[in-house]
Structures are given as C-alpha cells and as structure tokens.
Amino acid sequence: MITYNLFSNALVYTQPLMVGFNESTAKPYKWLENETYIGAWIDITKIVAERAGVEIIFRALPLKRLFSYLESGKVDIAFGIYRDADRDEHFIFLNTPIAWSTTYAFVKKGKEFPFNSIKDLYGKEIGILRGLSFGPELNNEIRKKSLLIQNVASYEQNILKLLSNRIDVTFAPGQCFQTLINDKGLSGQIIKINNPITPQRSLHIVFSRVSDFPDKEEVIEKMDLILQEMAENGEIDIITEKYGYKYSPF
C-alpha cells in the first residue's frame, strides 16, 4: 500500500478525502514510478480536489478491496471506475468521464481465434483482473460460471500466464494493456484480437454513498462542475496529451 498527500493552496474543508484507486499498472492513465504513482488520472484528481478546496490522501489498493472499501466508506472516492447500472447502488458518479476505454481479448501469438460472440469463449481458460467489470452480458456469463475464469491481481500476472500457456486468453482495456505489452518488449509475442470484448465505456470519479465526509453533497457538486469545466475548456486534453494519448475519442 502506498499513500501520499496533496494539500490545496486554499483548503476549505478540514477533513481530508481518502482517494482509493486500483494499484495495478494502467499506463498511461496511472502507474508506479520511483515509488510514486503518476499519470493523467492522478493529475486530474489532484487538480479537481485542489480547486474544490479539499485535501486528499491517495491510497493504492487491489481492485476487489477498493470496491469493498468504497462500499463500506473506508475510502471516500475513487477514480477510473466503469459506470455500470449495478454500481449506482453504492457509488455516486461524477457526470464527466475521466476516460473512455474498450476491452479486448489478448492471446499468445499462434493461439489467435475468431471472436464474434461470447460462445466463442466457451472452453477457453480466461485470465481477468479480479473485480474488473465487463458490462452486463459478460458479467452475467461470469456469474453463471459459463466461462473458465482465472482471477489475478495484476495485468502482469496475466502476461506471464499467457506466455507460459496457463491461460488461453485475457481480457483487458486495449490501450493500457497494449502499452504494457510494448513496454515489456512483447508486442510480437502477445496479440490483440481485433473484435472488442466490450463496446467503448466511460470511466469516472466516484463517491462512496456511505462516506461520512462532511458536506459531501456540496463537495460532489463542486468537483462535478470543476471536472466538467476542465473537459469543456480543453484542460483535460492538455493533461492527457502530456502522457501521449487523447482524452476524447469523439
């Protein structure tokens, strides 16, 4: 677990917000470098909090524990969360996305297969990041145990499993997983199947519904407006371009 603080130049609220996020590498969105997490999502969250007058403490967690902490109020907010209907029960989503992402299947070179429907995945050993959501249809297949799923804590583990033939395929956000493959010099050994597993989906900053942060509704409203303004005035584009990708896919 790694934590660090951001102090605003104009604090309005005395209690800090605990900000949780998935500890796994998701470059260029966020990743660990020299014992500090960096990336566009870190920068965006810092700026939004500072302008809202809130001190924040970042806390990197395994994805499954992150959701548990959000649902119990052990962390107040999190970033990089897909907006699925079943999550509205526990989370309050800021309206403006911080990213869009499409999930793809990745396989070891030489083990490619045609993918046109979920039925094409039956009988294959599939590695996924524990706690990751893939939308209602695929999530339902996973809950029904129609698919042979191996849960792991990091994308790096699925890379190792693919290369050692312990899984046949892994599902991952296309941009960050491809970046990870490229950084490891494995672009010729691990191949993306072109048909996406999920359509493009938005990722958000979310608040825990049971967070006891004082004036939570006021802070949510402030942060929502700040993030919307940053998207509209092109500020988020400037941040993401610094990390080598475009904010808006449209």
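Q: What follows α6, and is its phi positive or negative?
A: Gly 234 follows α6, and its phi is positive, near 85 degrees. Helices (H or I, at least four residues) and strands (E, at least two) are DSSP runs numbered from the N terminus. The model is predicted, so local features need pLDDT of at least 70 and side-chain atom pairs 80 or more, while totals for chains, interfaces and linings use all residues. Residues are numbered from 1 along each chain as its sequence is written, and side-chain values use heavy atoms, without hydrogens and water.

Q: How do you know that the span of helix α6 agrees with its 17 residues?
A: The expected span is 1.5 Å times one less than the number of residues. For the 17 residues of α6 (216-232) this gives 24 Å, and the end C-alpha atoms are 24 Å apart, so the two agree.

Q: Which residues of α6 are buried, and what covers them?
A: The buried residues of α6 are Lys 216, Val 219, Ile 220, Met 223, Asp 224, Ile 226, Leu 227, Met 230 and Ala 231. Their cover includes β2, α1 (40-52), β6, β7 (91-93), β14 (201-208) and α7 (235-242).

Q: Why is Gly 20 called buried?
A: Buried means under 20% relative accessible area, exposed over 50%, and partly exposed in between (1.4 Å probe, protein chains only). Gly 20 has 0% relative accessibility, so Gly 20 counts as buried. This residue is in strand β2. Its contacts (heavy atoms within 4.5 Å) include Arg 59, Leu 66, Val 75, Ile 77, Ala 78 and Phe 79, leaving out residues up to four places away in sequence. The C-alpha atoms of Gly 20 and Ala 78 are separated by 4.7 Å, although the two residues are 58 residues apart along the chain.

Q: Why is Lys 145 called exposed, and why is Asn 165 called partly exposed?
A: Lys 145 has a relative accessible area of 70%, and is therefore exposed. Asn 165 has 42%, and is therefore partly exposed. Lys 145 lies in the loop between α3 and β11 (148-152); Asn 165 is in the loop between α4 (155-163) and β12 (169-173).

Q: What is the phi of Lys 145, and what is that of Asn 165?
A: Phi is near 60 degrees in Lys 145 and near 65 degrees in Asn 165. Most residues other than glycine have a negative phi, and most peptide bonds are trans. The bond from Lys 27 to Pro 28 is cis, with omega near 15 degrees. Pro 28 is in the loop between β2 and β3 (31-33).

Q: What makes a nonpolar core, and which residues have the most contacts inside the largest?
A: A nonpolar core is a set of buried Ala, Val, Leu, Ile, Met, Phe, Trp, Tyr and Cys residues joined through side-chain atoms within 4.5 Å. The largest has 82 residues, and Leu 17, Phe 79, Phe 171 and Met 223 have the most contacts inside it. Met 223 touches Leu 17, Val 48, Ala 49, Ala 52, Ile 77, Leu 94 and Phe 207, not counting residues up to four places away in sequence.

Q: What makes a cavity, and how many of 30 Å³ or more are found?
A: On a 1 Å grid over the protein atoms alone, a cavity is a set of points where a 1.4 Å probe fits but cannot get out, and lining residues have an atom within 4 Å of a point. The search finds 1 cavity of 30 Å³ or more. Of the 23 residues lining the largest cavity, Asn 22, Trp 41, Gly 80, Leu 132 and Leu 203 are the closest to its centre. β6 gives the largest share of this lining, 4 residues.

Technical notes
1 Å grid on protein atoms, 1.4 Å probe; cavity = no way out; pocket = protein on both sides within 12 Å on 5 of 7 lines; lining within 4 Å. Points joined across faces, edges and corners; volume = space filled by probe spheres on them.
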